Amino acid sequence: MDRFSKTLLAAAAESGLATITLSRHVPSLRRNIRNDDEVMVLAHCLRPDGQLSGDHLMLVTKRRLVVTKQSRVLGRVRLEMDAPVAELGDVRWSADPTLPGVELSFTAGETRHRFWMDARHGKQVWRLDAMLAKLFRRPSVPVATLSSFARGFI
């Protein structure tokens, strides 16, 4: 079993995805992810544009973000989006343990995308928040610069 398969199964178990849902989406996901890539986040998600938009599955690795969509009428799964993580811009998310879920928005190319990632409980919300922080927050100012700046004002 390759690294992608091992981490995909673990992420699916953690997210609580039904086996039938995962088996429908895996062929589309596998076409876009390398065998040695590690799954960081796997979540059922919705677009805020309405109820009839279909079911989405978001998979995030260290290298790529892939979203597949299953149509409500015919049940066909197709690729909705595939983008390198490094090329995503203005990535923002908001964790809400009361609903529970995480709203994720980002720019890929010239298009702004928004998704609501479902979570089963509050702990999973905080895990999604931590994984997104690990993937997308990059320090823009070195720590040494911040500490020397703080010393000047004390």
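Predicted model: local features only at pLDDT ≥ 70, side-chain atom pairs only at ≥ 80, totals over all residues.
What is the volume of the largest pocket? About 160 Å³.

Residues are numbered from 1 along each chain as its sequence is written, and side-chain values use heavy atoms, with hydrogens and water left out.

View 1. The volume of the largest pocket is about 160 Å³. A pocket is found on a 1 Å grid over the protein atoms alone: it is an open set of points where a 1.4 Å probe fits, with protein on both sides within 12 Å along at least five of seven lines. Lining residues have an atom within 4 Å of a point. Grid points are joined across faces, edges and corners, and the volume is the space filled by probe spheres set on the points. The lining has 14 residues, and A11, E14, M40, V41 and R127 are the closest to the pocket centre. Helix α1 (3–15), strand β1 and helix α3 each supply at least two lining residues. The most come from α1, which gives five. By class, the lining holds eight nonpolar, three polar and three charged residues. Here Ala, Val, Leu, Ile, Met, Phe, Trp, Tyr, Cys and Pro count as nonpolar, Asp, Glu, Lys and Arg as charged, and the others, Gly among them, as polar.

**View 2. The whole chain, element by element.** The chain has four helices and seven strands. Helices (H or I, at least four residues) and strands (E, at least two) are DSSP runs, numbered from the N terminus. The order from the N terminus is α-α-β-β-β-β-β-β-β-α-α. Of the 154 residues, 38% are buried. Buried means under 20% relative accessible area, exposed over 50%, and partly exposed in between (1.4 Å probe, protein chains only). Among contacts with a separation of 6 or more, 47% join residues 24 or more positions apart. Contact means heavy atoms within 4.5 Å.

**View 3. The largest nonpolar core, and a second one.** A nonpolar core is a set of buried Ala, Val, Leu, Ile, Met, Phe, Trp, Tyr and Cys residues joined through side-chain atoms within 4.5 Å. The largest has 26 residues, of which M58, L65, F106 and M117 touch the most other members. At least two residues each come from β1 (39–46), β2 (55–61), β3 (64–70), β4 (77–84), β6 (101–108), β7 (111–118) and α3 (122–136). Helix α3 supplies the largest share, six residues. A second, separate core has 13 residues, including L8, L17, L22 and I33. Back in the largest core, pick out L65. Residues up to four places away in sequence aside, L65 touches M58, L59, V60, M81, D82, A83, V85, L88 and F106.

View 4. Strands β3 and β4 pair antiparallel over seven bridges. Two strands pair if DSSP finds at least two bridges between them. V66 sits opposite D82 in β4. Six residues lie between the two strands of this hairpin, and G75 in the turn has a positive phi of about 75°.

View 5. Eight bridges join the antiparallel strands β6 and β7. E103 faces W116 in β7 across this pairing. Two residues separate the strands of the hairpin, and G109 in the turn has a positive phi of about 70°. Strand β7 also pairs with β1, antiparallel, over two bridges. There, C45 stands opposite M117 in β7.

**View 6. D90 in strand β5.** D90 lies in β5 (residues 89–96). Its phi is near 45°, a positive value in a residue other than glycine. D90 is partly exposed, at 41% relative accessibility.

View 7. T7 is in helix α1. With a relative accessible area of 16%, T7 is buried. T7 and D37 are 30 residues apart in sequence, and their C-alpha atoms are 8.8 Å apart. Beyond its neighbours within four places, T7 contacts D37, E38 and V39. W126 is in helix α3. W126 is partly exposed, at 46% relative accessible area. Its C-alpha is 7.2 Å from that of A95, 31 residues away along the chain. Neighbours within four places aside, W126 contacts A95 and P97.
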